[in-house]
Amino acid sequence: MAVTVVLMVGVFAGATGVALGLLALKSARSSVEKCLDVLARRSAVEGVIDSRSIRDVAVYRYDALQEMTGRLSFSVALINGFGDGIVLTSINGRSETRTYVRSVSGGKGCQPLSPEEEQAVRAARLGLGPEVEPERLRGLKTVTSS
């Protein structure tokens with residue numbers, strides 16, 4: 001008798017699990033179809049979207065040296081849809097200007113980035129460009145690679 005009850009409970013639980021799995025599969029397929037439909041309509045309006053092309057740009061201006069004010073130093077992030085690109089930085093001093101470029105892969109610097117360069121990449125990934133005020137970046141969550 002106890003074996004029969006356990007067997008019936010097991011069959012019921014298995015059938016319920018299969019039914020829930022089928023409902024979840026149906027819902028997932030519906031969501032995928034909706035997403036594909038939205039992408040098809042978007043590409044019809046905007047044309048084919050190339051994720052490799054530069055699409056996220058931000059300029060972050062700052063005072064790099066105490067002797068130079070006016071936010072003449074800057075970092076420019078040029079990032080594609082995969083989070084790959086470059087950060088171009090120019091440090092302006094009284095008698096000289098230094099320019100640096102660093103690679104970005106997946107939204108992270110291939111070499112260590114300065115805080116200003118990280119802010120430029122972050123602003124570009126968040127779509128806050130082309131020119132970003134430091135106040136706009138405060139309080140925003142850190143971007144993860146997409």
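## A buried serine

At 0% relative accessibility, Ser75 counts as buried, because buried means under 20% relative accessible area. Exposed means over 50%, and partly exposed lies in between (1.4 Å probe, protein chains only). Ser75 is part of strand β2, which covers residues 73-80. Helices (H or I, at least four residues) and strands (E, at least two) are DSSP runs, numbered from the N terminus.

What does the side chain of Ser75 make a polar contact with? The partner is the side chain of Thr89, at 3.0 Å. A polar contact is a pair of N or O atoms within 3.5 Å. Within protein, one atom must be able to donate a hydrogen and the other to accept it, and residues adjacent in sequence count only if both atoms are side-chain atoms. Leaving aside residues up to four places away in sequence, Ser75 touches several others, among them Ala58, Tyr60, Leu88, Glu117 and Ala120. Contact means heavy atoms within 4.5 Å.

## About the model

This is a predicted model, in which local features need pLDDT of at least 70, side-chain atom pairs count only at pLDDT 80 or more, and totals for chains, interfaces and linings use all residues. Residues are numbered from 1 along each chain as its sequence is written, and side-chain values use heavy atoms, with hydrogens and water left out.

## The whole chain

The protein chain has three helices and six strands. Along the sequence they follow the pattern α-β-β-β-β-β-α-β-α. Of the 146 residues, 22% count as buried. Take the contacts in the chain with a separation of 6 or more: residues 24 or more positions apart account for 39% of them.

The chain exposes about 10300 Å². Carbon and sulfur atoms supply 61% of that area. Accessible areas come from the Shrake-Rupley method with a 1.4 Å probe; for residues, only the protein chains shown count as cover.

## The sheet

Six strands build an open sheet with mixed pairing. Their order is β5-β4-β3-β2-β1-β6. At the edges are β5 (108-109) and β6 (131-132), and each pairs on one side only. Two strands pair if DSSP finds at least two bridges between them. In a regular strand the side chains alternate between the two faces of the sheet.

How many bridges join β3 to β4? There are eight, and the two strands run antiparallel. Strand β3 spans residues 85-92, and β4 spans residues 97-105. Leu88 stands opposite Val101 in β4. A hairpin links β3 to β4 through four residues.

Next come β4 and β5. They pair in the antiparallel sense over two bridges. Ser105 has Lys108 in β5 as its bridge partner. These strands also form a hairpin, with two residues between them. In the turn, Gly106 has a positive phi of about 65 degrees.

## Salt bridges

A search of the whole structure finds four salt bridges. A salt bridge is a side-chain nitrogen of Lys or Arg within 4 Å of a carboxyl oxygen of Asp or Glu. One of them joins Arg102 to Glu117, with the closest N and O atoms 2.7 Å apart. Arg102 lies in strand β4 and Glu117 in helix α2 (residues 115-126), so the pair ties together parts that are 15 residues apart in sequence. Arg102 is partly exposed at 22% relative accessibility. Glu117 is buried, at 1%. Glu117 is also among the residues that Ser75 touches.

Arg98 forms another salt bridge, with Glu96, and the closest N and O atoms are 3.2 Å apart. Arg98 is partly exposed, with a relative accessible area of 46%. Glu96 is partly exposed too, at 44%. Arg55 pairs with Asp56, with 3.5 Å between the closest N and O atoms. Is Arg55 buried or exposed? Arg55 is exposed, with a relative accessible area of 54%. Asp56 is buried, at 12%.

## A nonpolar patch

Met1, Val5 and Val9 form a nonpolar patch on the surface. Together they have about 350 Å² of accessible area. Patches are made of residues with over 30% relative accessible area and no salt bridge. Like charges are joined within 9 Å, and nonpolar side chains (Val, Leu, Ile, Met, Phe, Trp, Tyr) within 5 Å. Val5 is in helix α1, which covers residues 2-46. At 43% relative accessibility, Val5 counts as partly exposed.
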